[in-house]
Amino acid sequence: MDVGNIAIKIVDLTKYYGNYLAVDHINLEVYEREIFGFLGPNGAGKSTTLLMLITVLRPSEGTAYIYGYDIRKDPEKVRSLVGIAFQDPKLFWIHTPYEILIWHAKVSGYRGYKAREVVKDILTTFDMWESRNKKAFELSGGMRKRVEVAKVFIQKPKIAIFDEPTAQIDVSGKHMIWDMIKGLRDDGSTVILATNELYEADVLSDRIGIIYKGRIVAVGTPKELKDTIPGGDILEVVYDGVLTNGLIDRLRGYSEVSKVEIIDSMIRIYLNKVEELLPRILEDLIKNGVNVKSVNMREPTLDDVFIHYTGSRIKEAV
Ligand SMILES: Nc1ncnc2c1ncn2[C@@H]1O[C@H](COP(=O)(O)OP(=O)(O)OP(=O)(O)O)[C@@H](O)[C@H]1O
Ligand SMILES: [Mg+2]
């Protein structure tokens, strides 16, 4: 990925609740027009970090700069640049989705017919047009979440922040929201996403920061993170013929290879960057008279990455 301009610079950002350290000296840069995913289990400090970025919570130490504006010193400027879909929608109980979004459209600069049009579009896209006149307390949890998320798509802020945007939302709704978030990025917004779903982080994020116990423990593209696991790729070759010790030593000699196992008529190689090394390994085998019958390779999943950096599975960490 080309590294763009820095949209958000986070410097030693820290939050204590009383004596409890919820966010622990986070340092991070988010580039313009990327989707940056904060991936972490419940209680990791994701929402606390986002609430500091939007100036709802004051940092205990450190700060962040949004397009150069300090969240501590220029909160109004910062607020003019950001829009957030909160994790827990705080909709006023007797208002309807239509009223809430019309109000939001007006705050976002739409007038009259244009406001009604943009709200109708988004409610239709979100499959909420039929429910537009229900009161907020009559909506299901997933419907309330849809209204909350819809606000950001109306506003199209320069920095769009989504705190677990698809929690409680059904599968088709998730895919629709993921596509729309990508669309927002393609139209020029910088997106921050907090999630505890590995799949969501993987498919949506240009880069991911793994957050665990208030700290960022790893940052990179999903691919970079997977490649940092030693021996994280697995290559399995089913063969005919004889493997000489010389050949096995040669395979073990590649710096990217961390382990070679022979299981019956299969060689299993644990390595990094399998896609780069595969042609050379196949050439070694063929040159040594080994008949390659099938090749199977898999990359590590984000689950493997999470375990590598935190020592626990994300579900167990909950
Ligand atoms: N207002 C508060 N007062 C005291 N402690 C809080 C408060 N809000 C959050 N915490 C604590 O701070 C830690 C981080 O919470 P936070 O909500 O930021 O986590 P999260 O990563 O967003 O988790 P989740 O995936 O459950 O939303 C947790 O241990 C939580 O109990
Ligand atoms: Mg949260």
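Helix α1 gives the largest share of the shell around ligand 1: three residues. The model is predicted. In total, 13 residues surround ligand 1. The closest are Tyr17, Asn42, Lys46, Ser47 and Thr48. Helix α1 covers residues 46-53, and strand β2 covers residues 20-31. Each of these two elements supplies at least two residues of the shell. By residue type, the shell holds eight polar residues, four nonpolar ones and one charged one.

### The whole protein

The protein has 318 residues, and 37% of them are buried. Its secondary structure comes to twelve helices and 14 strands. The C-alpha trace spans about 75 × 45 × 35 Å along its principal axes. Contacts were also sorted by sequence separation. Of those between residues at least 6 apart, 69% join residues at least 24 apart.

There are two domains. Domain 1 is built from two segments, 6-91 and 139-226. Domain 2 takes residues 231-299. Their C-alpha centres lie 41 Å apart.

### The six-stranded sheet

One open sheet has six strands, in the order β6-β7-β8-β3-β9-β10. Its pairing is mixed. Strands β6 (82-85) and β10 (215-220) form the edges, and each pairs on one side only. From one strand to the next, the twist averages 15 degrees.

Strand β3 sits between β8 and β9 in this order. The table lists three pairings from the sheet.

| Strand pair | Sense | Bridges | Residues opposite each other |
|---|---|---|---|
| β3 and β8 (190-195) | parallel | five | Leu39 and Thr195 |
| β3 and β9 (207-212) | parallel | four | Phe38 and Gly209 |

### Inside strand β3

Is β3 buried or exposed? Five of the five residues of β3, 35-39, are buried, so the strand is largely enclosed by the rest of the structure. A residue counts as buried when 20 or more other C-beta atoms lie within 10 Å of its own.

Both faces of the strand share in this. In a regular strand the side chains alternate between the two faces of the sheet. Ile35, Gly37 and Leu39 point one way from β3. Phe36 and Phe38 point the other way, and these residues are buried too.

Helix α6 (residues 171-186) lies across β3, β7 (159-163) and β8. The helix runs at about 150 degrees to β8.

### Pro89, a loop residue

Pro89 lies in the loop between β6 and α3, a helix of residues 97-107. Which residues does Pro89 touch, not counting those up to four places away in sequence? The contacts are Arg144, Lys145, Val147 and Glu148. Arg144 is 55 residues from Pro89 in sequence, yet the two C-alpha atoms are 6.6 Å apart in space.

Why is Pro89 classed as partly exposed? Pro89 has 19 other C-beta atoms within 10 Å. The buried class needs 20 or more, and the exposed class takes 12 or fewer, so a residue in between is partly exposed.

Key: Residues are numbered from 1 along each chain as its sequence is written. Chains are lettered from A and ligands numbered from 1 in the order in which they are written. This is a predicted model: local features need pLDDT of at least 70, side-chain atom pairs count only at pLDDT 80 or more; totals for chains, interfaces and linings use all residues. Two strands pair if DSSP finds at least two bridges between them. Axes are lines fitted to C-alpha atoms, for helices over the stretch in contact, and angles run from 0 to 180 degrees between N-to-C directions. Two residues are in contact if their C-beta atoms, placed from the backbone, lie within 7 Å. Domain bounds come from an automatic or database domain assignment. A residue is near a molecule or strand if its C-beta atom, placed from the backbone, lies within 6 Å of it. Ala, Val, Leu, Ile, Met, Phe, Trp, Tyr, Cys and Pro count as nonpolar, Asp, Glu, Lys and Arg as charged, and the others, Gly among them, as polar.
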